[in-house]
Amino acid sequence: KPKAIIIGAGIAGIAAAIRMSVKGYQVEVFEANDAPGGKLAEINLQDFRFDAGPSLFTMPQYVDELFKLAGKNPQDYFEYEKLDEVCRYFYEDGLQLIAHADLDKFANEIDQKTRSSAKEIHHFIKKSQTIYEVTNQVFLQRSLHKIKSYLHWDTLKSVFRFGKIDAFRTQAKANQHFFKDKRIAQLFNRYATYNGSNPYQAPATLNVIPHFEYHFGAYLPKKGMFSITTSLLKLAQDLGVKFHFNAKVEEIIYQAEGKTSEVTGIKCKNQLYKAEVIISNLDIWFTYRNLLKNLKAPEKLLAQQRSSSALIFYWGVKGTYPQLGLHNILFAKDYKAEFDGIWKDKTIDQDPTIYINITSKHIKRDAPADSENWFVMINVPANEDQNWDELISLTRQNILKKISGILKIDLTKNIICEQILDPRSIETKTGSFQGSLYGNSSNSQFAAFLRHPNFSSKIKGLYFCGGSVHPGGGIPLALLSAKIIDQNLSN
Ligand code: FAD
C-alpha cells in the first residue's frame, strides 16, 4: 500500500486521513498536542464541560459524507439535532429578538418589533441564496488553482453570473441599503465575523453566510461540538489510521530530482518517517516557516492580513437564566467603533459585542443541576504583542457590567469557576499564527483568490488542508479542503 502522512489532527487533518484511507493508502497522523481536534477541542473545569472553540455547527452533511464514504452509517457514530432557534439578540436600547430557524417566523418578529419589514428579510435572504448559488461551485467546492475546475459547466455558469455576488461594495454599505432599521443591518453585518472579517471593509459577498443558517440550518451535536472530533477520530481509527500524539513534526523532507522535487517523508523527534503523500493540516504560515525552512515561501501570501482572534471566558455559573438560549448576542451600541478598535487600533473597544453560548441549555450533563456552562466570547485583533493581561482584565470588567445591565442580573458573584483563552494561548495551543481563528481575513474582495492552494506547485506529493488554506476557515470549509485534495490527488 502507498503511504500517506498527515501533519496535525485538526478537523481537516482527520477528514484527510479518512479520505486517504478510503482511497487505499496506509495513513499515519502526527499531532503535536496530546489530544485531537486542534481548535475543535474541549475543556473540563470542575463539573462543567465546555467546547473550547467552535460553537455553531452548520452543513452537517459534510461530516455525514465522511461516514458514508467509508461505507458506515453516520448515526452509528455521530448524532445531532436541528435547532428551532438560531440565536437570541439583545440590544442596549432594550430590543430583544429571537432568530427562529423558521424564516417566516423570524421575519414576522422583525416586522413587529423594528422598523424593518418581513419583506426586507425575505428579499435579503433570497439575495443571500443567489450569492451562494454563484459562489459555491467556484469558491468552495473545487480548487481555484486548477484549470480543470473552470472547465466544469457549473463553474462556467457561475463565472458568467459574477456580477450578482456584490463584491464591489462593503457588507455594511450593502446592508445599510437593505434594511430600514439599522439594528437589523447590524444583525446581518455580524456575519462577517463568522470568518474573522470586518463588515465595514469586507465585500458584501459575505452576505452569503446567512444562507447557511436559514436554508441549510443551524445544528448542535447531541454530545457537544467536540463529538465532531471524537466521532471522526473513531471512524479514522476503525479504518486503520494510526495516530501519534505528542508528536510535533519538525520538517517535511523532499528530494530534488532535476527540475522537480518530490516529498519523501517527515522528521519527528529526530526520526524519519517515509511517505509518498504528505498533507499538512498546520496553519500554512507555520508550514512554510517551520517545516519547509529551505523552500522559498510565497511571501506575499503569507504577509496578508490575518483574520481576527477571540477572547473567551469559560465560566461555570450558578443559577439558570431563562432569558438566554443556546446562542446569544449582546450587541455593542456603536458597532463601527468596535470594528475600528479591532482593525485600526488593534485593541478591544470598551463596549464589545458579547457572544454567550450555553450548551447546558440542551445538553444537561454539561453543567451540574441549577447551574450553566457559559462560553463568553468577544472578537479581538490577532496577536501583535498587545498588553493582553491588561486588556483582558479591563474587558472582563466591561463585559460583566454590560451583561448585568442588559440581562438585569449580578453575574459577578455567581461565577463558580473560570478559564480564559486569548490570542496568545490560541496560537500556542492550536498552532495558529497570531491566534487568528480563520487564517487570513476576507476583508478584501480578492481574499478568496489569495488563499494558498491545497497542493504545492513546487513539491510533488505535498498537499495542504485546514482553515488557513483554500477554501477558508470554519468547520465546513476546513472539511471541504480535505475533499478538494481528494479530488485532485495524483494530478
Ligand atoms: P486546527 O484546528 O487549526 O488544528 C491544527 C492542528 O495541527 C492542531 O491540532 C495543532 O496542534 C497541530 N499542529 C500544529 N503544529 C504541528 C506540528 N508541527 N506537528 C504536528 N501537529 C501540529 N468554526 C465554525 O465552523 N463554527 C464556529 O462557531 C467557530 N467558532 C470558533 C471559535 C473559536 C474560539 C475558534 C478558535 C475557532 C472557531 N471556528 C469556528 C473555526 C474552526 O474551529 C476552525 O476553522 C477549524 O476547526 C480549523 O480546523 P483545521 O483543520 O484547520 O485545524
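How many helices and how many strands are there in the protein chain? In this predicted model, for which local features need pLDDT of at least 70 and side-chain atom pairs count only at pLDDT 80 or more, totals for chains, interfaces and linings use all residues. Residues are numbered from 1 along each chain as its sequence is written. The protein chain holds 17 helices and 20 strands, where helices (H or I, at least four residues) and strands (E, at least two) are DSSP runs numbered from the N terminus.

The C-alpha trace of the protein chain spans about 70 × 55 × 45 Å along its principal axes. A compact globule of 491 residues would have a radius of gyration near 23 Å, and the 22 Å of the protein chain agrees with this; the radius is taken over C-alpha atoms, and the globule rule is 2.2 Å times the number of residues to the power 0.38. Of the 491 residues, 50% count as buried, a residue being buried if 20 or more other C-beta atoms, placed from the backbone, lie within 10 Å of its own, exposed if 12 or fewer do, and partly exposed in between. Among contacts between residues at least 6 apart in sequence, 71% join residues at least 24 apart, with two residues counted as in contact if their C-beta atoms, placed from the backbone, lie within 7 Å.

The protein chain is divided into domain 1 (3-40 + 68-81 + 223-304 + 448-488) and domain 2 (103-216), with bounds that come from an automatic or database domain assignment. The centres of the two domains, taken over C-alpha atoms, are separated by 30 Å, and 13 residues of domain 1 are in contact with 11 residues of domain 2. On the side of domain 1 that touches domain 2, α16 (447-450) and α17 (475-488) each supply at least two residues, and the largest share, four residues, comes from α17.

An open sheet is formed by five strands in the order β9-β2-β1-β13-β20, with parallel pairing; two strands pair if DSSP finds at least two bridges between them. Its edge strands, each pairing on one side only, are β9 (242-244) and β20 (462-464), and the twist averages 20 degrees from one strand to the next, on the basis of axes that are lines fitted to C-alpha atoms, with angles running from 0 to 180 degrees between N-to-C directions. Within this sheet, strand β1 (residues 3-7) is joined to the parallel strand β13 (residues 277-280) by four bridges, and Ala4 has Val277 as its bridge partner in β13.

The largest nonpolar core comprises 128 residues, of which Ala15, Ala16, Ala17, Leu232, Ile278 and Val376 touch the most other members; such a core is a set of buried Ala, Val, Leu, Ile, Met, Phe, Trp, Tyr and Cys residues joined through C-beta atoms within 7 Å. At least three residues of this core are drawn from each of domain 1 and domain 2. Leaving aside neighbours within four places in sequence, Ala16 is in contact with Ile6, Ile279, Asn281, Cys465, Ala482 and Ile485.

Helix α8 (residues 182-189) has seven of its eight residues buried and is therefore largely enclosed by the rest of the structure; the buried residues are Arg183, Ile184, Ala185, Gln186, Leu187, Phe188 and Asn189. Thr320, by contrast, is partly exposed, with 14 other C-beta atoms within 10 Å, and lies in the loop between β14 (309-318) and β15 (327-330). Apart from neighbours within four places in sequence, Thr320 is in contact with Asp370 and Glu372; Thr320 and Asp370 are 50 residues apart in sequence and 5.9 Å apart in space, C-alpha to C-alpha.
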